[in-house]
Amino acid sequence: MKLVPLMKIHVLVASPFDIGDTTHGKRLVANITGGAFEGRRLTGTVCSSGADWIVIDSENLGHIDVRIVLQTNDGAYIYVHYTGFLEYNEKFVTAALSGGETKIGDSYFLSQLRFETGAEKYKWLNRVLGVGEGRVYPGGIEYQVYEQAHD
């Protein structure tokens with residue numbers, strides 16, 4: 001298996017709703033307000049629909065569950081669902097609260113992505129298993145996304 005660069009996604013995120021400590025952990029819900037994505041085979045914007053439903057466990061590990069819609073520059077819509085882990089360490093928390101940024105690897109921040117679309121030009125995405133690594137940047141999150149492919 002190899003990882004092939006697919007795209008960078010910049011997701012703008014609103015301040016989260018703090019649902020509180022639940023039976024599963026501290027629950028936060030952060031609405032997605034926009035953004036952009038760019039890659040060799042697809043480019044466009046992140047629609048202001050969707051959210052990140054996060055549960056932070058007792059070890060400060062965030063379990064992310066994100067659903068967003070991408071719109072390509074040629075008008076196609078792509079539904080994206082991804083789950084993963086985000087370590088709420090000092091670097092992440094400081095950057096998130098101050099409007100700063102982190103670098104890839106400053107925090108354990110990895111995700112698995114699945115795509116759905118009916119657009120003929122992008123139907124190849126329906127068979128893509130993506131993996132991503134994330135970081136904080138002012139106002140949002142940036143992901144470097146890779147496609148898992150055979151060697």
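Author: Let's start with the residues that line the largest pocket: they divide into 25 nonpolar, five polar and three charged. Here Ala, Val, Leu, Ile, Met, Phe, Trp, Tyr, Cys and Pro count as nonpolar, Asp, Glu, Lys and Arg as charged, and the others, Gly among them, as polar. This is a predicted model, where local features need pLDDT of at least 70, side-chain atom pairs count only at pLDDT 80 or more, and totals for chains, interfaces and linings use all residues. Residues are numbered from 1 along each chain as its sequence is written, and side-chain values use heavy atoms, with hydrogens and water left out.

Reader: How is a pocket found, and which residues lie nearest the centre of the largest pocket?

Author: Rolling a probe the size of a water molecule over the atoms shows where empty space is left. On a 1 Å grid over the protein atoms alone, a pocket is an open set of points where a 1.4 Å probe fits, with protein on both sides within 12 Å along at least five of seven lines; lining residues have an atom within 4 Å of a point. In this model 33 residues line the largest pocket, and Val 13, Pro 16, Tyr 88, Phe 92 and Ala 96 lie nearest its centre.

Reader: Which element gives the most to that lining?

Author: Helix H1 (90–98) does, with five residues. Helices (H or I, at least four residues) and strands (E, at least two) are DSSP runs, numbered from the N terminus.

Reader: What caps the N-terminal end of H1?

Author: Asn 89 does: one of its side-chain oxygens lies 3.3 Å from the backbone nitrogen of Lys 91. After H1 comes Gly 99, with a positive phi near 75°.

Reader: Is Ser 107 buried or exposed?

Author: Buried means under 20% relative accessible area, exposed over 50%, partly exposed in between (1.4 Å probe, protein chains only). Ser 107 sits in the loop between H1 and S7, and counts as buried because its relative accessibility is 9%. Contact means heavy atoms within 4.5 Å; leaving aside neighbours within four places in sequence, Ser 107 is in contact with Leu 86, Glu 87, Asn 89 and Phe 92.

Reader: What about Glu 147, and which side chain does a polar contact join to it?

Author: Glu 147 belongs to strand S9 and, at 15% relative accessibility, counts as buried. A polar contact is a pair of N or O atoms within 3.5 Å; within protein, one must be able to donate a hydrogen and the other to accept it, and residues adjacent in sequence count only if both atoms are side-chain atoms. The side chains of Glu 147 and Arg 41 are joined by one of 2.5 Å.
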